[in-house]
Protein chains: 2
Amino acid sequence: MDARDLFLIGDLRGFTPQIGRLVSMMRYVRHTTLAELGGLGVEQLDHLHDGESNSIGALLSHIAAVETWYQAATFFGRDLDAREMEEWGAALDLGEKARSEIRGHDLAHYVDRLERVRAKTLEELARRDDAWLEEQSPFREGQPANNHFKWFHVFEDELNHRGQIRWLRKRARW
Amino acid sequence: MDARDLFLIGDLRGFTPQIGRLVSMMRYVRHTTLAELGGLGVEQLDHLHDGESNSIGALLSHIAAVETWYQAATFFGRDLDAREMEEWGAALDLGEKARSEIRGHDLAHYVDRLERVRAKTLEELARRDDAWLEEQSPFREGQPANNHFKWFHVFEDELNHRGQIRWLRKRARW
């Protein structure tokens with residue numbers, strides 16, 4: 001993304017009009033997530049604010065895991081397979097398992113995974129069109145969700161956790 | 001909004017196509033913000049997790065204040081006036097002033113303000129069209145922002161703080 005386009009939501013080369021607007025939003029959100037991470041080392045990424053907290057590393061893994069889950073659901077109409085659950089299960093669920101398993105990685109590890117997952121998302125979105133975005137399937141409580149909502153939800157979940165990362169980072173005594 | 005439409009981003013009666021999609025997102029976000037608030041009394045709304053924290057009440061005021069600021073900027077091309085700054089200044093800035101001034105209100109106070117501000121937003125958006133959404137003006141660091149970005153930013157800021165409200169609510173010992 002051209003840095004000059006950071007504050008523009010609109011047409012994006014290589015994507016249909018609605019998908020371009022959605023991708024504009026996803027890119028801005030990711031830009032702001034990455035902007036919170038400068039200078040974080042392994043100790044900071046593993047830090048637990050209290051016994052119920054998720055580390056910043058676990059939250060970053062969660063953001064990539066949620067995106068991976070929605071790739072499987074919307075692009076391929078399936079759940080994560082056993083190998084994918086091995087890689088992403090703890091990050092998807094957060095909590096105790098994530099606190100014990102997601103540790104000891106440097107910032108590049110988390111950023112690389114975010115970028116690898118995102119590259120796949122953009123590759124698949126570029127192959128689809130606005131009619132695909134409108135396709136619906138049953139979602140929570142039996143109500144339908146369309147693909148537009150599902151990809152909106154991916155970045156709205158990221159924003160929720162970006163808010164928590166900001167809060168945690170501000171308080172970290174390291 | 002029909003509850004059946006909660007997970008659909010798309011055309012919305014009374015709005016042009018792009019504005020309808022934007023409003024679909026704003027409504028979902030607000031739905032999830034309000035879903036965090038059930039049962040909160042004055043003491044809980046005023047609670048400060050630590051000396052640097054914003055209370056949940058202050059975060060709710062901030063969400064309404066940011067929306068008010070962007071109403072003035074995008075609908076009327078102006079800053080907040082003195083009377084509006086009197087009402088919203090502490091909530092816009094958060095921090096020390098908000099900690100001392102935004103206290104003692106019940107949940108209805110915050111929800112009423114959110115709803116009052118939102119009603120005005122929807123009334124004004126219904127009068128505008130997708131071409132208006134594309135209009136640009138100088139924004140941060142001299143880069144342009146269009147109105148589509150600015151209203152996206154209003155709800156992405158709300159999501160950031162919804163994440164913090166969830167975190168605070170989960171830890172509150174009350």
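Predicted model: local features only at pLDDT ≥ 70, side-chain atom pairs only at ≥ 80, totals over all residues.
**View 1. The contact of chain B and chain A.** Chain B contributes 41 residues to the contact and chain A contributes 40 residues. Together the two chains bury about 4,000 Å², with 52% of that area on carbon and sulfur atoms. On the chain B side, B:Phe7, B:Glu52 and B:Trp167 lose the most area to chain A, and together they account for 18% of what that side buries.

**View 2. Polar contacts and salt bridges across the interface.** Between chain B and chain A there are 20 residue pairs in polar contact, both residues at pLDDT 80 or more. Six salt bridges are found across this interface. In one salt bridge, the side chains of B:Arg21 and A:Glu134 meet at 2.8 Å, N to O. H1, strand E2 (144–146) and helix H8 (147–171) of chain B each supply at least two residues of the side that touches chain A. H8(B) gives the largest share of that side, 16 residues. By residue type, the side of chain B that touches chain A has 18 nonpolar, eleven polar and twelve charged residues.

View 3. B:Gln18 belongs to helix H1 (residues 17–34) of chain B. B:Gln18 is buried because its relative accessible area is 11%, under the 20% cut-off. Leaving aside residues up to four places away in sequence, B:Gln18 touches A:Gln18 and A:Arg21, as well as B:Asp130, B:Leu133 and B:His148.

**View 4. A:Glu43 in helix H2.** In chain A, A:Glu43 is part of helix H2 (residues 42–46). A:Glu43 has 60% relative accessibility and therefore counts as exposed. A:Ser53 is ten residues from A:Glu43 in sequence, and their C-alpha atoms are 15 Å apart.

How values were computed: Residues numbered from 1 in each chain as written. Chains lettered and ligands numbered in written order. Heavy atoms only, no water. Helix = DSSP H or I, 4+ residues; strand = E, 2+ residues; numbered from the N terminus. Buried < 20%, exposed > 50% of the residue type's maximum accessible area, 1.4 Å probe, protein only. Contact = heavy atoms within 4.5 Å. Buried area = accessible area lost by both parts, 1.4 Å probe. Salt bridge = Lys/Arg side-chain N within 4 Å of Asp/Glu carboxyl O. Polar contact = N/O pair within 3.5 Å; in protein donor to acceptor, adjacent residues only side chain to side chain. Nonpolar A, V, L, I, M, F, W, Y, C, P; charged D, E, K, R; others polar.
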